[in-house]
Amino acid sequence: MVVGEETKAQVSATEGGPENAAESAVDARPVPKRRGRPRSFDRETALEKAVMAFWEHGYEATSVSDLTRVMGIGAPSLYAAFGDKRALFEEVVRVYGTRYGSFGERALAEEPTARAAVERILREAAVEYTAPGRPHGCLVVHAATNCTSPEVEESLRERRNADITAFESRIRDGIAAGELPAGTDARALARHTGAVLQGMSQQARDGASREELEALAEIALTIWPRT
(Lines give C-alpha, C1' and ligand atoms only; values in the text may rest on other atoms or scores of the structure.)
Protein backbone atom coordinates (compact mmCIF):
# COMPACT_ATOMS: atom_id res chain seq x y z
CA MET A 1 0.00 0.00 0.00
CA VAL A 2 1.27 3.51 -0.84
CA VAL A 3 1.28 5.88 2.08
CA GLY A 4 0.13 9.47 1.34
CA GLU A 5 2.36 12.43 2.16
CA GLU A 6 0.05 13.62 4.96
CA THR A 7 0.09 10.17 6.59
CA LYS A 8 3.89 10.05 6.38
CA ALA A 9 4.14 13.35 8.20
CA GLN A 10 1.85 12.14 10.97
CA VAL A 11 3.86 8.93 11.44
CA SER A 12 7.14 10.83 11.52
CA ALA A 13 5.75 13.33 14.01
CA THR A 14 4.56 10.57 16.34
CA GLU A 15 7.92 8.80 16.28
CA GLY A 16 9.93 11.96 16.82
CA GLY A 17 8.07 13.46 19.79
CA PRO A 18 6.22 16.75 20.30
CA GLU A 19 8.95 19.02 18.90
CA ASN A 20 9.25 17.02 15.69
CA ALA A 21 5.46 16.83 15.53
CA ALA A 22 5.24 20.63 15.58
CA GLU A 23 7.93 20.95 12.94
CA SER A 24 6.21 18.37 10.77
CA ALA A 25 2.91 20.19 11.09
CA VAL A 26 4.59 23.35 9.86
CA ASP A 27 6.23 21.47 6.98
CA ALA A 28 2.88 20.00 5.98
CA ARG A 29 1.27 23.40 5.50
CA PRO A 30 0.65 24.33 1.85
CA VAL A 31 3.29 26.66 0.47
CA PRO A 32 1.67 29.81 -0.96
CA LYS A 33 2.31 30.34 -4.66
CA ARG A 34 4.43 33.32 -5.57
CA ARG A 35 2.59 35.89 -7.57
CA GLY A 36 4.10 37.46 -10.62
CA ARG A 37 5.10 41.10 -10.57
CA PRO A 38 2.05 43.36 -10.76
CA ARG A 39 1.49 44.98 -14.15
CA SER A 40 3.13 48.40 -14.16
CA PHE A 41 0.85 49.90 -16.82
CA ASP A 42 -2.84 50.32 -17.49
CA ARG A 43 -3.85 47.71 -20.05
CA GLU A 44 -6.83 49.62 -21.44
CA THR A 45 -4.81 52.79 -21.93
CA ALA A 46 -2.08 50.85 -23.73
CA LEU A 47 -4.66 49.06 -25.88
CA GLU A 48 -6.26 52.35 -26.94
CA LYS A 49 -2.84 53.61 -28.01
CA ALA A 50 -2.39 50.45 -30.07
CA VAL A 51 -5.76 51.09 -31.73
CA MET A 52 -4.57 54.55 -32.77
CA ALA A 53 -1.24 53.22 -34.07
CA PHE A 54 -2.77 50.50 -36.24
CA TRP A 55 -5.52 52.87 -37.37
CA GLU A 56 -3.00 55.49 -38.46
CA HIS A 57 -0.37 53.27 -40.08
CA GLY A 58 -2.09 49.98 -40.92
CA TYR A 59 -1.07 46.48 -39.89
CA GLU A 60 2.02 46.01 -42.02
CA ALA A 61 3.66 49.38 -41.37
CA THR A 62 3.21 49.18 -37.59
CA SER A 63 6.15 47.30 -36.08
CA VAL A 64 6.47 45.85 -32.60
CA SER A 65 9.02 48.57 -31.78
CA ASP A 66 6.49 51.19 -32.93
CA LEU A 67 3.89 49.62 -30.66
CA THR A 68 6.10 49.45 -27.58
CA ARG A 69 7.12 53.08 -28.09
CA VAL A 70 3.56 54.33 -28.55
CA MET A 71 2.12 52.14 -25.79
CA GLY A 72 4.91 53.05 -23.37
CA ILE A 73 5.79 49.45 -22.50
CA GLY A 74 8.61 47.02 -23.20
CA ALA A 75 8.37 44.13 -25.61
CA PRO A 76 8.19 41.51 -22.79
CA SER A 77 5.22 43.37 -21.27
CA LEU A 78 3.50 43.58 -24.66
CA TYR A 79 3.87 39.85 -25.28
CA ALA A 80 2.79 38.99 -21.73
CA ALA A 81 -0.31 41.19 -21.81
CA PHE A 82 -1.44 40.89 -25.43
CA GLY A 83 0.41 38.02 -27.11
CA ASP A 84 2.20 38.65 -30.40
CA LYS A 85 1.55 41.48 -32.88
CA ARG A 86 -1.18 39.58 -34.69
CA ALA A 87 -3.04 38.71 -31.47
CA LEU A 88 -2.83 42.33 -30.39
CA PHE A 89 -4.17 43.46 -33.75
CA GLU A 90 -7.13 41.08 -33.52
CA GLU A 91 -8.02 42.59 -30.15
CA VAL A 92 -7.55 46.08 -31.57
CA VAL A 93 -10.01 45.35 -34.39
CA ARG A 94 -12.60 44.10 -31.90
CA VAL A 95 -12.17 47.21 -29.76
CA TYR A 96 -12.35 49.45 -32.81
CA GLY A 97 -15.55 47.75 -33.94
CA THR A 98 -17.20 48.29 -30.57
CA ARG A 99 -15.88 51.75 -29.80
CA TYR A 100 -15.75 53.45 -33.20
CA GLY A 101 -17.31 51.26 -35.88
CA SER A 102 -20.64 50.21 -34.41
CA PHE A 103 -22.66 53.07 -35.92
CA GLY A 104 -23.58 50.97 -38.96
CA GLU A 105 -24.91 48.08 -36.89
CA ARG A 106 -27.00 50.45 -34.78
CA ALA A 107 -28.49 52.15 -37.85
CA LEU A 108 -29.48 48.84 -39.42
CA ALA A 109 -31.19 47.78 -36.21
CA GLU A 110 -32.89 51.05 -35.33
CA GLU A 111 -34.07 52.68 -38.56
CA PRO A 112 -37.53 51.80 -39.91
CA THR A 113 -36.51 51.30 -43.56
CA ALA A 114 -33.47 50.08 -45.46
CA ARG A 115 -33.01 53.43 -47.17
CA ALA A 116 -33.22 55.31 -43.88
CA ALA A 117 -30.64 52.92 -42.38
CA VAL A 118 -28.19 53.39 -45.24
CA GLU A 119 -28.73 57.16 -45.27
CA ARG A 120 -27.91 57.28 -41.56
CA ILE A 121 -24.86 55.05 -42.04
CA LEU A 122 -23.43 57.28 -44.78
CA ARG A 123 -24.11 60.48 -42.84
CA GLU A 124 -22.57 59.11 -39.66
CA ALA A 125 -19.60 57.76 -41.61
CA ALA A 126 -18.94 61.30 -42.85
CA VAL A 127 -18.79 62.41 -39.21
CA GLU A 128 -16.84 59.44 -37.84
CA TYR A 129 -14.30 59.29 -40.66
CA THR A 130 -13.33 62.94 -40.22
CA ALA A 131 -13.55 63.27 -36.43
CA PRO A 132 -10.75 65.44 -35.03
CA GLY A 133 -8.15 64.06 -32.66
CA ARG A 134 -7.86 60.61 -34.18
CA PRO A 135 -6.92 58.96 -37.51
CA HIS A 136 -9.33 59.52 -40.38
CA GLY A 137 -11.16 56.86 -42.32
CA CYS A 138 -11.94 53.29 -41.27
CA LEU A 139 -9.35 51.06 -39.59
CA VAL A 140 -10.78 47.88 -41.15
CA VAL A 141 -10.34 49.40 -44.61
CA HIS A 142 -7.01 51.12 -44.11
CA ALA A 143 -5.24 48.42 -42.07
CA ALA A 144 -5.34 46.06 -45.07
CA THR A 145 -3.22 48.40 -47.24
CA ASN A 146 -0.05 46.65 -48.44
CA CYS A 147 -0.70 43.82 -45.98
CA THR A 148 1.51 40.77 -46.61
CA SER A 149 -0.06 38.58 -43.92
CA PRO A 150 -2.70 36.38 -45.62
CA GLU A 151 -4.42 35.63 -42.31
CA VAL A 152 -4.79 39.28 -41.37
CA GLU A 153 -5.85 40.24 -44.88
CA GLU A 154 -8.49 37.49 -44.92
CA SER A 155 -9.79 38.47 -41.48
CA LEU A 156 -10.28 42.08 -42.56
CA ARG A 157 -11.85 40.99 -45.84
CA GLU A 158 -14.34 38.83 -43.95
CA ARG A 159 -15.34 41.81 -41.81
CA ARG A 160 -15.90 44.03 -44.83
CA ASN A 161 -17.89 41.32 -46.60
CA ALA A 162 -19.95 40.76 -43.45
CA ASP A 163 -20.98 44.41 -43.62
CA ILE A 164 -22.14 43.98 -47.22
CA THR A 165 -24.07 40.85 -46.26
CA ALA A 166 -25.78 42.82 -43.46
CA PHE A 167 -26.70 45.57 -45.93
CA GLU A 168 -28.09 43.00 -48.34
CA SER A 169 -30.19 41.36 -45.64
CA ARG A 170 -31.69 44.70 -44.63
CA ILE A 171 -32.42 45.57 -48.26
CA ARG A 172 -34.13 42.20 -48.84
CA ASP A 173 -36.29 42.90 -45.81
CA GLY A 174 -37.19 46.21 -47.41
CA ILE A 175 -38.15 44.51 -50.66
CA ALA A 176 -40.31 42.01 -48.78
CA ALA A 177 -42.01 44.85 -46.90
CA GLY A 178 -42.77 46.72 -50.12
CA GLU A 179 -40.41 49.59 -49.31
CA LEU A 180 -38.38 48.84 -52.44
CA PRO A 181 -39.52 47.55 -55.85
CA ALA A 182 -39.72 43.79 -56.20
CA GLY A 183 -37.09 43.81 -58.96
CA THR A 184 -34.45 45.59 -56.87
CA ASP A 185 -31.02 43.92 -57.07
CA ALA A 186 -30.34 43.64 -53.36
CA ARG A 187 -26.80 42.33 -53.75
CA ALA A 188 -25.76 45.09 -56.17
CA LEU A 189 -27.31 47.78 -53.98
CA ALA A 190 -25.53 46.38 -50.93
CA ARG A 191 -22.21 46.35 -52.77
CA HIS A 192 -22.83 49.91 -53.90
CA THR A 193 -23.26 50.93 -50.26
CA GLY A 194 -20.05 49.12 -49.30
CA ALA A 195 -18.15 50.74 -52.16
CA VAL A 196 -19.35 54.21 -51.17
CA LEU A 197 -18.31 53.65 -47.54
CA GLN A 198 -14.88 52.35 -48.50
CA GLY A 199 -14.42 55.26 -50.89
CA MET A 200 -15.44 57.72 -48.18
CA SER A 201 -12.86 56.16 -45.88
CA GLN A 202 -10.05 56.64 -48.38
CA GLN A 203 -11.14 60.16 -49.28
CA ALA A 204 -11.24 61.08 -45.60
CA ARG A 205 -7.62 59.94 -45.33
CA ASP A 206 -6.82 62.03 -48.39
CA GLY A 207 -8.18 65.13 -46.71
CA ALA A 208 -11.88 65.27 -47.64
CA SER A 209 -13.92 67.22 -45.12
CA ARG A 210 -17.08 66.13 -43.35
CA GLU A 211 -19.13 68.43 -45.58
CA GLU A 212 -17.60 66.99 -48.73
CA LEU A 213 -18.33 63.44 -47.60
CA GLU A 214 -21.89 64.37 -46.67
CA ALA A 215 -22.37 65.76 -50.19
CA LEU A 216 -21.02 62.50 -51.60
CA ALA A 217 -23.50 60.56 -49.44
CA GLU A 218 -26.37 62.66 -50.81
CA ILE A 219 -25.41 61.81 -54.38
CA ALA A 220 -25.01 58.13 -53.53
CA LEU A 221 -28.55 58.01 -52.15
CA THR A 222 -30.08 59.31 -55.40
CA ILE A 223 -29.60 55.92 -57.06
CA TRP A 224 -31.85 54.17 -54.55
CA PRO A 225 -35.02 52.89 -56.25
CA ARG A 226 -38.38 54.05 -54.99
CA THR A 227 -41.73 52.32 -55.14
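Hi everyone, let's start at T227, which is found in the segment after α11, the helix of residues 210-221. Keep in mind that we are looking at a predicted model. Is T227 buried or exposed? T227 is exposed, because its relative accessible area is 71%, and over 50% counts as exposed. Even so, T227 has some partners from elsewhere in the chain. Leaving out residues up to four places away in sequence, T227 touches G178, E179, L180 and P181. A182 is 45 residues from T227 in sequence, yet the two C-alpha atoms are 8.8 Å apart in space.

Now let's step back to the whole protein. Of the 227 residues in the protein, 37% are buried. Here is a number on contacts: taking those between residues at least 6 apart in sequence, 66% join residues at least 24 apart.

Next, the inside. In soluble globular proteins, nonpolar side chains tend to be buried together. In our model, the largest nonpolar core has 59 residues, and those with the most contacts inside it are F82, L88 and L139. Which helix gives the largest share of this core? That is α2, with eight residues. If you click on L88, you will find that it touches L47, A50, F54, L67, M71, L78 and F82, again not counting residues up to four places away in sequence.

Let's stay with α2 for a moment and bring in its partner α3. Helix α2 covers residues 43-61 and helix α3 covers residues 64-71, and they pack at an angle of about 150 degrees with their axes 9 Å apart. Because that angle is over 145 degrees, α2 is roughly antiparallel to α3. The crossing of these two, α2 and α3, is right-handed. On the α2 side, the contact is made by A46, K49, A50, A53, F54 and A61, and on the α3 side by D66, L67, V70 and M71. By class, that contact of α2 with α3 has eight nonpolar residues, two charged and no polar ones.

Now for a second pair, α6 and α7. Helix α6, residues 103-110, packs with α7 at an angle of about 155 degrees, and their axes are 9 Å apart. Here too the angle is over 145 degrees, so α6 is roughly antiparallel to α7. In passing α7, α6 makes a right-handed crossing. From α6 we have F103, G104, R106, A107, L108 and E110 in the contact, and from α7 we have A117, R120, I121, E124, A125 and E128. The contact of α6 with α7 divides into six nonpolar, one polar and five charged residues.

One of those charged residues deserves a look of its own. R120 sits in helix α7, residues 114-128. Is R120 buried or exposed? R120 is buried, because its relative accessible area is 18%, and the limit for buried is under 20%. Not counting residues up to four places away in sequence, R120 touches R106, A107, E110 and E111.

Last stop, a loop. N146 lies between α8, residues 139-142, and α9, residues 150-176. N146 has a positive phi of about 55 degrees although it is not a glycine. At 65% relative accessibility, N146 counts as exposed.

That's my tour, so over to you for questions!

Terms used: Residues numbered from 1 in each chain as written. Predicted model: local features only at pLDDT ≥ 70, side-chain atom pairs only at ≥ 80, totals over all residues. Heavy atoms only, no water. Helix = DSSP H or I, 4+ residues; strand = E, 2+ residues; numbered from the N terminus. Buried < 20%, exposed > 50% of the residue type's maximum accessible area, 1.4 Å probe, protein only. Contact = heavy atoms within 4.5 Å. Axes fitted to C-alpha atoms, helices over the stretch in contact; angles between N-to-C directions. Parallel < 35°, antiparallel > 145°, perpendicular 65-115°, else oblique. Left-handed = near helix turned anticlockwise from the far one by under 90°. Nonpolar A, V, L, I, M, F, W, Y, C, P; charged D, E, K, R; others polar. Core = buried A, V, L, I, M, F, W, Y, C linked by side-chain atoms within 4.5 Å.
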